[in-house]
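Hi,

Here is the structure I said I would pass on.

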Amino acid sequence: MAVQDTSRHEPQRSSFLNDPVVRGRLYQLLTVVIVAAFVWFIADNTAANLARQNKTTGFDFFWFTSGFDIQFSLIPYSRASTYGTAFLVGILNTMLVAVIGVFFASLLGFMVGIARLSNNFIISRLALIYVETLRNVPLLLQLVFWYFAVLKSMPGVRQSFIFLDGVVLNQRGLYLPKVVTDAQFAWVWGALALSIVAIVVLQRWAHKRLEATGQRFPVFWTALGVLVVLPLVAGLISGTHLSVDLPVLKGFNYAGGIGLPPELVALCLGLIFYTATFISEIVRAGIQSVSYGQTEAAQALGLRDGDRLRLVIIPQAMRVIIPPLASQYLNLTKNSSLAIAIGYPDLVSVFMNTTLNQTGRAIEVVFITMLVYLTLSLATSSFMNWYNRRIALVER
Amino acid sequence: MHTKTILTTAALALGLSITAASAGTLEDVKAKGYLDCGVTEGVAGFSIPDANNEWSGIEVDYCRAMAAAIFNDADAVHYTALNTGERFLALSSGKIDVLSRTTTWTMSRDTTLGIDFTGVMFYDGQGFMVRKDLGVSSVKDLAGANVCVQAGTTTELNMADYFSANAIEYTPVVFAGRPEVIAAFEGGRCDAYTTDASGLAADRTRFANPGDYVILPEIISKEPLGPSVRQGDDNWFNISRWVYFAILEAEELGVTSANVDEMLSSENPSIKRLLGVEGDFGTPLGLDKDWAYNIIKLIGNYAEMFDANVGPDTAMGLERGVNALWTKGGIQYAPPIR
């Protein structure tokens, strides 16, 4: 067999620009240079403009006395506090709305999502009407509706709705009785913590017993009993004395108790009812993504209805639900900035409006506000990602 | 409108970043052919649009006066309605050329915001309004009250100072926009509403039943309301300031829009200088020498502006008070044009 000359063919030397690796690097370098130049241009221009306009700049204003009051605050605050404290008040107020909103929107969303799948015609239609109406009206309009329309229909202070002497509802907000505890009450807290530990232990033991013997233990009712009885006994033994602080009419307004300003109530209602529509659709999609074969398989194994949902359907549905649910939580947090329309002192209202205006540090304040929302969102989304990884399907 | 607020605030802050240095404001204004004037979202007597979006008010008249001095055309003005949160950014970022928007002249605003106040169109003070049936006759009776106020105003700060000094507990209810403040007060959210006394009178005219409301006697602050311009353009500052002085001077000399043409042949040297008959006071400003004549011819003097918009014969029904000329017991005073 004739051996062919297979001497290697030198590839034709061409421009190094045709090398995909080199070219890729070049493009990347070019992009970086352009972005850097743009950032430099903006920064330089800003500095030049600020200097030209003789504007005072910097972050020192955080330590200045703010001089304004805030309607609703979770931490002590007065006009003598600093802008830094006002900033904190704003962040906490935003976080309060976010936490309340996320909790109740999830609850309502899950309920409506399941209701949408109900075999009961009326329930599923009602859920459908709710979802299709509320998710198709802009949130800002809903907030304004809750605040201005619902508020206007509330009675004046002297004609307040009063339920059971303790719950007062009027144009100035919702007042609830406040339970005042004394030092002895620490025992009750201790008992509560103890009973939670006991329940966890009980649950583990019941699970083991179920796997070993197949016998069920009524964990739920036992846990409920422990949760009620243990703190109650502790309360009785320690001789703690509880008193109730009721809201009473004092001058122009009710004082005492827990007062929720109508701005907070309206904002929470608006955000909850709006976000819950999206969550319910996500939940419905998640449940429907689990094929009917899974239900049949669970039935074939002899699982009861509750267990079938809890052990087979929901874990699989959660994989579909969690990622878009995280987006909804982020949306809710960011949407809370619409608070400014209805006078709730959130971060945007306190910091980006009043503080910005009184100090004139526009760029600093806007930048910090964006940074805060970014931080809140990243924290939420990293928690949700962690949770998602935890519940992800593990192939065995 | 409030998404708008947030977006505009952010956009205006960005505007600070990307507006390039420009020539003088007067050249820019002449080149575009109109004046950009920042006004309120609607305060009767000061700046308020009608059904056809034609603006009127004493502060609108000031914008028109500047346009008359520059273009000899009082209508060459574009109005931008701004809330309290947007106003200074709009001015310093170059979105507007002059801010004529019930804005109180304070030291910190004058020295840290990169703006300069050029005059005082209206000497005002902060007051409180309550419903009559509340039975309150003094601000001191407002202990425990909810008070509606607009965010980022001097009134928000004055109120905190005043109540703190008098050890009165209260709850501020703060809105970004004035329409929301008024709606919340009228809707019963607050016991009292506070802003400049003239503003209270203005807003009361728009309530369904103005007679149900009473303005309390205390005036708790000084609120000199005047126009402002960007810092760093001395010529533009001079134009803004002397337009204000010219309308005061015209009132003092008895020159009105009705008699200004006869006054052209006046023998009074002061009137001759004001109307550009003798000497040329316009050119140093970059304007025509009959700049003041144009203002008075097209709009009128300070008294005419006051009477037409906020005076005793209007719905506002305000007396001149301290806003009278210095010759009539007030404090409005213009340096001589000579």
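What radius of gyration would a compact globule with 338 residues have, and what does chain B have? The rule puts a compact globule of 338 residues near 20 Å, and chain B has 20 Å, so the two agree. Before you go further, keep in mind that this is a predicted model.

Chain B overall

Taken along the principal axes, the C-alpha atoms of chain B fill a box of roughly 60 × 50 × 40 Å. There are 13 helices and 14 strands in chain B, and 53% of its 338 residues count as buried. If you take the contacts in chain B with a separation of 6 or more, 74% of them are between residues 24 or more positions apart.

Two domains in chain B

Chain B splits into domain 1 (2-123 + 225-328) and domain 2 (126-221). Taken over C-alpha atoms, the centres of these two domains of chain B are separated by 28 Å. Where they meet, 20 residues of domain 1 of chain B are in contact with 16 residues of domain 2 of chain B. The domain 1 side of that contact divides into nine nonpolar residues, 10 polar and one charged.

Now for a strand to look at in chain B. Strand S10 (residues 170-175) of chain B has five of its six residues buried, so it is largely enclosed by the rest of the structure. S10(B) runs parallel to strand S9 (residues 145-150) of chain B, and six bridges join the two. One pair to pick out is Cys148(B), whose bridge partner in S10(B) is Val173(B).

Where the chains meet

How many residues does each chain bring to the contact? Chain A gives 47 residues and chain B gives 47 residues. On the chain A side, helix H1 (20-52), helix H4 (139-153), strand S7 (253-255), helix H10 (347-359) and helix H11 (362-391) each supply at least two residues. H10(A) gives the most to this side, with eight residues. By type, the side of chain A that touches chain B has 20 nonpolar, 20 polar and seven charged residues.

The core

The largest nonpolar core has 154 residues, and those touching the most other members are Leu143(A), Leu267(A), Met66(B), Ala69(B) and Ile295(B). Helix H7 (residues 262-288) of chain A provides the largest share of this core, 13 residues. On the chain B side, domain 1 (2-123 + 225-328) and domain 2 (126-221) each contribute at least three residues to this core. Leaving out residues up to four places away in sequence, Leu143(A) touches Ala266(A), Leu267(A), Gly270(A), Leu338(A), Ala341(A) and Ile342(A).

Two asparagines to check

Most residues other than glycine have a negative phi. Asn53(B) is not a glycine, yet has a positive phi of about 60°. You will find Asn53(B) in the loop between strand S2 (48-49) and strand S3 (55-56) of chain B. Asn53(B) counts as exposed because it has 7 C-beta neighbours inside 10 Å, and the cut-off for exposed is 12 or fewer.

Asn72(B) also has a positive phi, of about 55°, although it is not a glycine. Its place is the loop between helix H3 (58-71) and strand S4 (77-81) of chain B. Is Asn72(B) exposed or partly exposed? With 17 C-beta neighbours inside 10 Å, Asn72(B) counts as partly exposed.

Cheers

Conventions: Residues numbered from 1 in each chain as written. Chains lettered and ligands numbered in written order. Predicted model: local features only at pLDDT ≥ 70, side-chain atom pairs only at ≥ 80, totals over all residues. Core = buried A, V, L, I, M, F, W, Y, C linked by C-beta atoms within 7 Å. Buried ≥ 20, exposed ≤ 12 C-beta atoms within 10 Å, placed from the backbone. Helix = DSSP H or I, 4+ residues; strand = E, 2+ residues; numbered from the N terminus. Domains from an automatic or database assignment. Contact = placed C-beta atoms within 7 Å. Rg over C-alpha atoms; globule rule 2.2 N^0.38 Å. Nonpolar A, V, L, I, M, F, W, Y, C, P; charged D, E, K, R; others polar. Pairing = 2+ DSSP bridges.
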